[in-house]
Every structure is written in structure tokens, then in C-alpha cells.
Amino acid sequence: MRRWWQNLRETTVEHAPWELFCMRGFLAWVLWRMLPGTVPFTAQPFPGGLARLADLTFLSDPPVFAVLRGLALVALPLYVLGVAPLLSLGYLAALLTAVGALENSQGAIGHHLQLLCLVTLAQWLAYAAAALRPPPGASRGLGLPAAAAHGRAVQAAKLMIAAAYVASGWTKLIASQGLWVAQLPDISLQLVKTHANVYYDYYGLPGAPAALVTDLPRLIAGHPWLTRLAFTPGLLLELGAVLALTGRRAACFVGLGLLGMHVLARVVMELGFVTHEWLLLIFFINIPWLVCTALRRWRGLAA
Amino acid sequence: MPTAVWKRLPFARLTAVVVLLLAMGEEFPFTRLPMYSTFDPRADYYYVADAAGTPLACEKVFGTSTANVKKMFRARLGALAALRGADEKTATPAERRLAGEVLLAELRATGARRGAAVPAEPVQLRRVEVRRAETAGGFARTEELLAQK
């Protein structure tokens with residue numbers, strides 16, 4: 001008899017073709033949403049990542065970027081339809097990565113694009129691997145890959161998302177030298193800071209309620225153990241994101257937990273991780289599958 | 001032998017990707033996602049104001065956030081201090097003022113390219129430090145003018 005921990009292994013979920021199609025559709029929508037209309041950066045004074053390898057400032061030329069953005073409008077539907085993903089998804093991944101690298105080469109590293117780029121690049125690698133070594137029973141084709149290739153690409157996306165959260169959890173432990181939980185009461189200062197940031201970003205507009213801006217930081221600072229109890233589950237969720245790879249339901253539960261963490265951060269700290277939330281909804285929680293399962297159960301109960 | 005061990009690891013591929021992300025650091029598109037990985041007993045935030053010290057809505061006026069303004073200032077200050085083998089923590093007031101002026105000029109230029117309503121008059125870069133305190137509502141703030149341009 002296998003013990004429970006022997007079942008803790010990466011499992012590739014067999015998604016139906018319509019699920020894979022929905023995932024590509026939603027991802028394409030997020031990619032388009034995150035692609036800026038223009039790129040205002042004419043220099044890369046603090047080059048990082050891809051910008052170390054190439055001068056990406058050509059993206060700031062409005063006519064050039066308009067053409068590149070226009071080509072994305074061709075690549076997106078092709079990717080959604082599963083046509084030539086090596087080219088269509090490859091183009092989208094390269095364009096967004098270049099834009100993100102240039103944006104992050106201004107001396108202000110943001111984190112709203114990395115995971116999206118990593119997911120598209122991981123998917124592209126999965127398609128490339130499937131083209132080089134086709135899954136059993138599938139013909140080798142670059143134009144219209146078999147469903148198994150799309151399945152591999154989705155698994156690669158899940159792997160990348162889970163790995164990013166686990167890495168984030170380890171970063172907290174490493175950077176704080178294991179003292180992250182002990183330091184948590186000082187998160188009250190971060191709350192004061194993030195609310196001040198939003199206040200000055202949109203100065204003149206109505207801000208967050210006083211309960212969040214002043215009362216909550218005071219409460220957190222005044223009750224260190226309550227704070228540790230409330231925020232430690234976030235770290236455990238990140239480290240436990242690995243469990244999302246063990247199956248469909250596990251992915252859904254982990255996804256809901258991490259989404260809850262992001263929603264809480266949005267409410268309490270006015271910090272949004274929009275792309276992270278969408279990626280969790282698309283690949284972990286898988287709303288179309290949830291709806292379909294709920295409908296099936298409801299019909300089963302009604303029959 | 002190493003291959004056998006690798007195959008026995010329950011999440012071998014994920015482990016490899018996590019190690020890669022931690023090793024690569026902040027080299028786009030790689031990231032360790034270091035946000036809120038440590039908490040100091042003090043925090044600071046920055047804002048941009050007009051010459052009279054009245055805050056300007058940073059997103060509207062410059063098309064970027066005050067969080068970005070802080071990161072950009074620190075990167076420029078670090079680069080300036082590095083010229084004499086120092087770091088931002090030991091930067092001189094003159095270096096802080098110069099880094100602030102450079103940043104304000106860049107904010108104006110980038111904001112204009114974004115189509116934002118950048119003011120023609122001089123603007124100020126201000127920094128606020130927050131500490132926990134027994135009085136003053138639990139937190140004490142000190143504010144300084146870094147630069148005006």
C-alpha cells in the first residue's frame with residue numbers, strides 16, 4: 001500500500017481540449033492587457049536581464065512599437081487557436097519580455113510582468129520540446145501541435161507558477177535569515193508606507209478608509225503574536241504551492257489559497273498583483289472546469 | 001548515481017526551476033520575488049511636490065508611481081556613490097541632492113513622453129521616514145527635502 005507522501009509527485013493533469021482552448025484564450029487576453037500602448041523609455045541606464053544582452057530602446061520608437069504591437073494582434077488569435085505556437089507564442093513571449101526588460105532597466109525593478117513572461121517562455125519551451133520529441137501517437141508538426149503538446153505547455157505553465165511562489169517563500173526565509181515570522185510586526189510600517197504611496201500617487205482623490213490606513217497598522221504593531229498568526233499562513237501557502245502540481249483539485253485549492261492571499265494584500269495594503277491573480281485563476285483554479293464540474297454535479301443531483 | 005537520485009526526487013523539475021530562480025536573481029524575466037522578504041524597524045516613502053511643498057499626484061502628473069520614484073532615486077544614488085567606492089547608505093547630502101535632481105529631470109522627460117501633464121515650474125522630491133513610536137499614534141515621521149528642480 002502506498003503511503004500518502006508517496007503520492008506527492010508531479011502529476012500531469014489530462015485537460016480536455018476545450019479546457020486547453022479556454023486557458024490559451026484567457027492567457028492571450030492577459031498578454032494583450034499587459035502589453036503597453038507605448039513605451040516611454042528611450043534609454044536603459046540600469047540594464048538588467050535581457051537588456052544586458054541587447055539594446056531594447058528601439059521599442060520606444062512609436063512607429064516601430066505600433067508595428068510590433070500590431071503583429072501581436074495577429075499572433076494572439078493564432079496562439080489561441082493553437083496554430084504554430086512556436087512562432088505565435090514565441091513572438092508574444094519575446095515582445096513582452098523585451099518590453100518588461102526595458103521597463104525594468106530604469107533603476108526601478110517592478111514585479112508585475114516577470115511571472116507572465118516566465119509562463120509564456122516555459123510554454124514555448126514545452127512546445128519546442130514537443131516538436132523535437134513528439135508525445136507518443138502524435139505526429140511531428142510545428143503548425144498544429146497535438147493536444148498532448150498543449151497539455152505539456154499547460155503543465156509547464158503550472159510548474160513555473162508553483163516554482164515562482166516556492167522561490168518567493170524561500171527568498172523570505174533566506175533574506176530574513178530565517179527571521180521572517182519574528183520580523184512580521186514591523187509589517188505595520190510597510191502598511192503605513194504602501195498607503196502613503198497610494199495617497200501620493202492619486203493625491204486629491206478619496207483615499208482608503210482610516211480603519212485601514214491608521215487603525216490597522218496600529219493594531220498590527222500592538223499585537224505581534226496576532227500579526228504572526230495572521231500573516232504566517234501566507235508564507236506556508238507560498239512554500240506549499242508545490243502541492244498544486246499533484247493534481248487538479250490540489251491545484252484548485254492551492255490557487256484559491258494564493259488568490260485569497262493576494263486579495264487580502266489588495267484590501268489591506270492596496271497592493272495588487274493582477275497578473276499573478278489571473279495566472280492562478282487560469283491555470284490553478286481553472287474556472288471553466290469548476291463551472292463545468294458544478295453543473296455536472298447539479299444535473300446529477302437533479303436527475 | 002546522480003541521475004537515480006534526481007529521478008527519485010518527488011518534484012525534481014520544480015526544484016530545478018526554484019534553484020534557477022534563486023540563483024538568477026533580478027535579471028528580467030527571472031526574479032526571486034523579493035517583495036516584503038524582510039521587515040526593517042523603519043520604512044520610508046517618497047513623493048513629488050510643487051515648489052510650495054504641495055504634493056502632486058505622481059501617477060497623473062508623471063505617469064509613474066511613488067514606489068517607482070523611490071526605487072529610481074535609490075538606484076541613481078547608489079550609482080553616484082559607487083563612483084567613490086561608497087554606497088547609498090553613506091552617500092553625502094550633495095550626492096543625494098544630485099541624484100534627486102537627475103531623477104526629477106528624468107521624471108519630467110518620461111512623463112512628457114507618456115503624455116502626462118508635467119508642470120513647467122520647479123518641483124520637489126521629498127522623503128518621509130516612518131518609525132514605530134510609543135507616542136504620535138504609534139508611528140513617528142520625519143520628512144526631508146531631497147532636491148528641487
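How many bridges join β2(B) to strand β3 (residues 139-148) of chain B, and in which sense do the two strands run? Nine bridges join them, and the strands run antiparallel, where two strands are said to pair if DSSP finds at least two bridges between them, and where helices (H or I, at least four residues) and strands (E, at least two) are DSSP runs numbered from the N terminus. The model is a predicted one, in which local features need pLDDT of at least 70 and side-chain atom pairs count only at pLDDT 80 or more, whereas totals for chains, interfaces and linings use all residues. Residues are numbered from 1 along each chain as its sequence is written, chains are lettered from A and ligands numbered from 1 in the order in which they are written, and side-chain values use heavy atoms, with hydrogens and water left out.

Strand β2 (residues 123-132) of chain B also pairs with strand β1 (residues 42-50) of chain B, in the antiparallel sense and over nine bridges. Val48(B) stands opposite Leu125(B) of β2(B), while Gln124(B) has Gln148(B) in β3(B) as its bridge partner. Of the 10 residues of β2(B), eight are buried, a term that means under 20% relative accessible area, with exposed meaning over 50% and partly exposed in between (1.4 Å probe, protein chains only).

The contact between the two chains involves 71 residues of chain A and 58 residues of chain B, contact being defined by heavy atoms within 4.5 Å. The size of an interface is often given as the accessible area lost when the parts come together. Here the buried area (the accessible area, with a 1.4 Å probe, that two parts lose on being put together, summed over both) is about 5600 Å², and carbon and sulfur atoms give 67% of it. Leu189(A), Tyr200(A) and Asp201(A) supply 12% of the area that chain A buries against chain B, more than any other three residues.

Three salt bridges are counted between chain A and chain B, each being a side-chain nitrogen of Lys or Arg within 4 Å of a carboxyl oxygen of Asp or Glu. In one between Glu27(B) and Arg52(A), the closest N and O atoms are 2.8 Å apart. On the side of chain A that touches chain B, α6(A) gives the most, with 14 residues.

Over all chains, the count comes to 17 salt bridges. Within chain A, Arg266(A) and Glu277(A) form a salt bridge whose closest N and O atoms are 2.7 Å apart; because Arg266(A) lies in helix α11 (residues 248-269) and Glu277(A) in helix α12 (residues 274-285), the pair ties together parts that are 11 residues apart in sequence. Arg266(A) is partly exposed at a relative accessible area of 35%, whereas Glu277(A), at 10%, counts as buried.

In chain B, the salt bridge between Arg76(B) and Glu106(B) has its closest N and O atoms 2.6 Å apart, and the pair links helix α4 (residues 66-82) with helix α5 (residues 93-114), its members being 30 residues apart. Arg76(B) is buried, with a relative accessible area of 6%, while Glu106(B) is partly exposed at 26%. A further salt bridge joins Glu129(B) to Arg127(B), with 3.0 Å between the closest N and O atoms; Glu129(B) is buried at 11%, and Arg127(B) counts as buried at 14%. Both belong to a network of salt bridges that also links Arg42(B), Asp44(B), Lys70(B), Arg96(B), Arg131(B) and Glu144(B).
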